[in-house]
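Subject: Structure for you to look at

Hello,

Here is the structure I promised to pass on. Please open it alongside this note; what I found follows below.

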Amino acid sequence: MIGEQLKNVDAVCEILDARIPRSSRNPDIDGLTAGRPRLVVLNRADQADREATKDWAAFFKEKGWAVLETDCPCRPAWARGCRGYPAAQAPGRWAPTASSG
């Protein structure tokens with residue numbers, strides 16, 4: 001069912017817990033969204049190990065995905081943070097930039 005819906009998706013925003021990025025990923029997401037631009041949001045970055053978060057951000061960027069490190073405890077904070085993010089303003093152009101990490 002989700003696979004059918006994802007055929008209509010142009011881009012993917014994957015929100016992960018920066019403290020446990022591997023554990024907070026859906027193991028099927030890569031296969032379901034292959035070939036689509038992706039923004040990986042490492043949320044709760046302020047509570048995660050700073051060096052580990054940098055390493056994870058580099059790992060995701062090497063895959064060609066944009067990365068945003070943030071702490072968004074509520075929806076309004078997320079909306080404010082995303083409006084200032086260059087990739088969020090350019091539909092179809094989600095790509096890593098110098099300011100995306």
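Ring pairs tie W56, F59, F60 and W65 together into a cluster. Please keep in mind that this is a predicted model. A search of the whole structure turns up 4 aromatic pairs. Take F59 and F60 to begin with. Their ring centres lie 5.3 Å apart and their planes meet at 65°, so this pair is edge-to-face. The cut-off for that label is over 60 degrees.

F60 also pairs with W65. Here the centres are 6.0 Å apart and the planes stand at 25°, so the pair counts as stacked. Planes under 30 degrees apart get that label.

F59 is partly exposed, with a relative accessible area of 36%.

The charged end of R38 sits over the ring of W65, 3.9 Å from the ring centre.

Now the overall layout. The protein has 4 helices and 3 strands. Read from the N terminus, the elements run α-β-α-β-α-β-α. Of the 101 residues in the protein, 32% are buried.

As background, strands of a sheet pair through backbone hydrogen bonds, either parallel or antiparallel. Here, β2 (residues 38-43) and β3 run parallel and are joined by 4 bridges. V41 has L68 in β3 as its bridge partner. L42 has E69 in β3 as its bridge partner. To get from β2 to β3, the chain passes through helix α3 (residues 50-62), and this β-α-β crossover is right-handed.

Next, two arginines in loops.

R44 lies in the loop between β2 and α3. What is the phi of R44? The value is near 65°, which is positive in a residue other than glycine. For context, most residues other than glycine have a negative phi. R44 is partly exposed, with a relative accessible area of 27%.

R25 is found in the loop between β1 and α2 (29-32). Buried or exposed? At 18% relative accessibility, R25 counts as buried, because the cut-off for buried is under 20%. Which side chain does R25 contact? A polar contact of 2.8 Å joins the side chains of R25 and E14.

If you have only a few minutes, I would look at these places:

- The ring cluster of W56, F59, F60 and W65.
- R38, with its charged end over the ring of W65.
- The crossover from β2 through α3 to β3.
- R44, with its positive phi.
- The polar contact between R25 and E14.

Send me any questions once you have had a look.

Best wishes

Conventions:
Residues are numbered from 1 along each chain as its sequence is written. This is a predicted model: local features need pLDDT of at least 70, side-chain atom pairs count only at pLDDT 80 or more; totals for chains, interfaces and linings use all residues. Side-chain values use heavy atoms; hydrogens and water are left out. Two strands pair if DSSP finds at least two bridges between them. Rings of Phe, Tyr and Trp (its six-membered ring) pair if their centres lie within 6.5 Å; planes under 30 degrees apart count as stacked, over 60 as edge-to-face and the rest as tilted. Buried means under 20% relative accessible area, exposed over 50%, partly exposed in between (1.4 Å probe, protein chains only). A charge sits over a ring if NZ of Lys or CZ of Arg is within 6 Å of the ring centre and within 35 degrees of the ring normal. A crossover is right-handed if, with the strands pointing away from the viewer, the path from the first strand over the helix to the second runs clockwise. A polar contact is a pair of N or O atoms within 3.5 Å; within protein, one must be able to donate a hydrogen and the other to accept it, and residues adjacent in sequence count only if both atoms are side-chain atoms.
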